[in-house]
Amino acid sequence: MRFIARFAQELQDHFEIIDVFDSKIEKTPIDKDNPEIESIAQAYPAAVWFERKMHDDFGIKILNTFDNRPLIHHERFPNIHPMRKEFTHKHIDPVPFKPYHYEVIEGDGIFQVGVGPIHAGIIEPGHFHFSQEGESILHLEVRHFYKYRGIEKIVERKDPKDAWHIVERISGNESIAYQLAYLDLLRQASKQGENENIQKYGSILLELERIAHHLVDLGFIPNDAGFGAALAYSSMLAEDTRRVLKTLTNHRFGFGAIRGVARKFDQNALHSFLNDLEKKMDFFEKWIIEIPSLWDRLDTTGKLSQKKALKYSTLGVVARASGIHIDRREVPFYKEHGFSIQTQESGDVAARFKVRLQEVKNSIQIIRNLLDFQEDEVVLNAFEDGEYFAFTESSLGEVMLYLKIKDQKIDRFFARDPSFINWQALHLMMPKNIIADFPLINKSCDLSYAGSDL
Amino acid sequence: MIDFWVQRFRKGIQTQNSWADEELETIKKSLKSEIGKKFSGSLAIRMVDSGSCNACEAECNALSNPYYDLERLGIRFVASPRHADILLVSGVVTFNMLPHLLDAYEQLPSPKWVITLGDCTQGTLFKDSFAIKGPVKEHLPVAYHIPGCPPTPDEIVRGFLGFLRSL
Ligand code: SF4
């Protein structure tokens, strides 16, 4: 049974814990005056961040856990539980500094290296704490949530339609995936069935987003191994893709593109882009596959065994590169349009690179097969009170959204980015690697900070 | 790889220069000459994300792709604030990032300038959250703002020129 998410919500007279697995959803009521619940992190290690977040958000005590440090609340964060209904402040003040105790390995000759939150280069903020023995990494703790914007609280009490512009900005690289998941929620809430035209339109944009995002990684991974030419080449293709997205949606990242309407677009332009991209991808692949010094760096670096990948409930490219068949596109609609799951066995940087390469090629085929849609629209209003779940395969893996509507307003919104899970597995890829390979390993997973911090 | 060299040998060097937009070329020329005059030919930028959705950073990264290739003009994104002339800030300024943003600004040697990038920095998007401390201008002296959500690479290039001309 795959663990997907664990989160809480406040109801009239109690808190409710919701555990989401791939085959079932469990709900546990707990007392509001003395809220506590048993940890499930022994069985599902990835649950530990969810539990720490639940504690910060609601003040729920987690029993028998191996980690009860604050997660979102940093050193100067006041002791508040903002997801409780009674919390309505728009402003908080810092409190005196309380140190955070990192998980470290200590011993003779072992030293600690802290990196971040601001990194070299143009990249999101987060902190990595290494225990080192010379060049070798003994342990890594990932510490994030510098970008915590409080999005789940911002959308509360809003009309569901008024949250679009926030949901699409949870993570810029996955904007279309988030919009599609949100559309799915609103469609369910307005009791509308699936609409094939809208589905096709949305999937074309989703695959373009995937292509653009994978192409950037396909450049940065070799670049971090010292092969900059790959970045020059693939960043050009990524730019072409962004420009195509702009001609289709009026926005280079597709903000505002998914609102339940399928619009017609210039098919010839898209076809010639796809043909050109396909040719260039063939060249790119042939070229890069034959550079032995590059593969010396990528092969066997940052290995994640299939057993661990499963145990930690990993998602997306990270999971597929370790031989796990998991992809939300494994459904008849996608399969009929040419989707085939891309996996590798070796679980290293090389495998993650190859999965991305194959996925770009597969996405080109899928888009071609989806082009015969008609203009269409679904009516999204009169939202019925209730609870709704949606899942979409973003370029990073499975995005999960939960929405509870009460009196036509958002009562609880919960978003789980695939990165929230995968970040927790990053430290497993460190043993037997040197610190200079960290950027390479990190880039090969390409996880989102914004989506995970929320 | 052999294929690559065979092709290269047959066809000769074919450096692509795919940029056809004359207007942008003119802007890039002016940018280069302004950097020459006001920053002795090299402008060092340290970017700090104070809570963005990451699209703003993606567009800054795009500035190095062969279409824009800003490095050629003398603009460099540097790793340390101590090597920078400019602090380029994106994002909403979260509660958790504020001390680090201020710290980064402290580390820049004088003279220094702050440029804000993207609508987030103005405190309009994501407003009314307890976890947000924006806008940037409440915490740092902002010399110039580049609007957009995100500003496109073109708009960022124009923004840099606008900033240089404002000096
Ligand atoms: S301005 Fe827009 S694109 Fe930039 S970080 Fe903010 S939401 Fe994202």
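Predicted model: local features only at pLDDT ≥ 70, side-chain atom pairs only at ≥ 80, totals over all residues.

I began with the terms for cover: buried means under 20% relative accessible area, exposed means over 50%, and partly exposed lies in between, with a 1.4 Å probe and protein chains only.

Residues are numbered from 1 along each chain as its sequence is written, chains are lettered from A and ligands numbered from 1 in the order in which they are written, and side-chain values use heavy atoms, with hydrogens and water left out.

Entry: I looked up A:Glu398 and found a salt bridge to A:Arg416, with the closest N and O atoms 3.2 Å apart; the term requires a side-chain nitrogen of Lys or Arg within 4 Å of a carboxyl oxygen of Asp or Glu. A:Glu398 lies in strand 12 (residues 397–406) of chain A and A:Arg416 in strand 13 of chain A, 18 residues apart, where strands are DSSP runs (E, at least two residues) and helices are DSSP runs (H or I, at least four), both numbered from the N terminus. A:Glu398 counts as buried because its relative accessible area is 2%, and A:Arg416 does so because its relative accessibility is 1%.

Entry: a second pair involving strand 13. I found A:Arg412 and A:Glu152 joined by a salt bridge at 3.8 Å, N to O. This pair links distant parts of the chain, with A:Arg412 in strand 13 (residues 409–416) of chain A and A:Glu152 in helix 2 (residues 151–154) of chain A, 260 residues apart. Both A:Arg412 and A:Glu152 are buried.

Entry: a pair from helix 1. I recorded a salt bridge between the side chains of A:Asp67 and A:Arg52 (3.1 Å, N to O). A:Asp67 sits in the loop between strand 5 (61–63) and strand 6 (111–115) of chain A, and A:Arg52 in helix 1 (residues 47–58) of chain A, 15 residues apart. A:Asp67 is buried, with a relative accessible area of 10%, and A:Arg52 is buried, with 5%.

Entry: totals. I noted 50 salt bridges over all chains. A network of salt bridges links A:Glu207, A:Arg210, A:Arg320, A:Asp327, A:Arg329, A:Glu359 and A:Glu393.
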